[in-house]
Amino acid sequence: MRKCLISQLEVITEEEQRILDGRDVSRTLYTTKKTFEVEAEKLLKNGRLIQVRTHTRFTDFPEHNHNYIEMMYVCQGRITHFIGGKEVVMEEGDFLILNQHVRHSICCASREDLGINFIALPEFFDIPLQMLQGNNVLADFLVDTLRQNSFSEKYLLFKLSGILEIENLMENIVYSLKNLGKNEEKINQLSMGLVFLHILNHIDKLDYTSPQNYKEIVLQTTLSYIDQHYKEANLSKLSEDLNQSLSVLSRMIKQNFGHTFQELVQRKKFQKAMTLLSETNLSIADIVAAVGYENSSYFYRKFKEKYHMSPREYRLTHQNGDQIRI
């Protein structure tokens, strides 16, 4: 971030000065309730959908939840949360989104540790949600947050350091909210939507999620898609269905499975072919067509490269139902 904005954020607040003078976090600044639920009404001005404030430093912040969607962006240093007993360390460029029901505490931050808290009502996300479209981790998260009967504790942490387009947008949003101007709320809704769209292009930067890692969901969906559509499986179609960048999805599959998408599809086709070779009397030509190959010579060549025997030799050897391990 620009030094002038960092200098503005580093200024010690009245609350922080009281803490430095030996007093604890004042709960009355945040809630009227017996339980420590931070209330939007305490932090948002009338009619505002979003507000930013620097994270309170120089003390441990007690366990709490909030009646709004909270986002934190680390501008400098590091901020450590404990969420559901799990240590979640945020560093410069990291972006955390928590729904209303997440209870978490935050470890003492030093003067150089600058975290920006976004206090956002669900209505703020109407425009970003329209911009996201389709099924994806952020849209699903926001939709779940809007459900009145959902009380699950969910959060997303993205490790976004070095992604300049996101850094620039976050800087613009923070500057706008710290220095209010005309139409800033609509501009910030659109800017946050752009942040989310850029995040979807870097979904491999999703580090933590709750209750289930979104990477696992994507990978499980990939295997399920291959299992059901191996004949005509197409990575471009899958990336569109998942609303993921083709390059990011391809890289994620390779990193987690050790095989490319096409290699996984070929494995599935061979697995199905071996079942048909050993358990049916279909001709090899019919089997080649049944598993989705148009070129039988290509199938023969690849099969022999992998299993060191022809499909016919495999059938003769494994007619009792035994299978080669794949």
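In which helix is Gln-266 found? Gln-266 is found in helix 11, residues 261–279; helices (H or I, at least four residues) and strands (E, at least two) are DSSP runs numbered from the N terminus. The model is predicted, and local features need pLDDT of at least 70, side-chain atom pairs count only at pLDDT 80 or more, and totals for chains, interfaces and linings use all residues. Residues are numbered from 1 along each chain as its sequence is written, and side-chain values use heavy atoms, with hydrogens and water left out.

Not counting residues up to four places away in sequence, Gln-266 touches Tyr-293, Tyr-298 and Lys-302, where contact means heavy atoms within 4.5 Å.

The axes of helix 1 (residues 3–10) and helix 6 (residues 164–178) come within 11 Å and cross at roughly 50 degrees. Axes are lines fitted to C-alpha atoms, for helices over the stretch in contact, and angles run from 0 to 180 degrees between N-to-C directions. The two helices are therefore oblique to each other, since angles under 35 degrees count as roughly parallel, over 145 as roughly antiparallel, 65 to 115 as roughly perpendicular and the rest as oblique. In this contact, Leu-5, Gln-8 and Leu-9 of helix 1 meet Glu-171, Val-174, Tyr-175 and Lys-178 of helix 6. The contact residues divide into four nonpolar, one polar and two charged; Ala, Val, Leu, Ile, Met, Phe, Trp, Tyr, Cys and Pro count as nonpolar, Asp, Glu, Lys and Arg as charged, and the others, Gly among them, as polar.

The pocket and cavity are set out below. On a 1 Å grid over the protein atoms alone, a cavity is a set of points where a 1.4 Å probe fits but cannot get out, a pocket is an open set with protein on both sides within 12 Å along at least five of seven lines, and lining residues have an atom within 4 Å of a point. Grid points are joined across faces, edges and corners, and a volume is the space filled by probe spheres set on the points.

| Space | Volume | Lining residues by class |
|---|---|---|
| Largest pocket | about 410 Å³ | six nonpolar, six polar, seven charged |
| Largest cavity | about 110 Å³ | seven nonpolar, four polar, two charged |

Among the 19 residues lining the largest pocket, Thr-13, Val-52, Arg-53, Thr-54 and Lys-178 lie nearest its centre.
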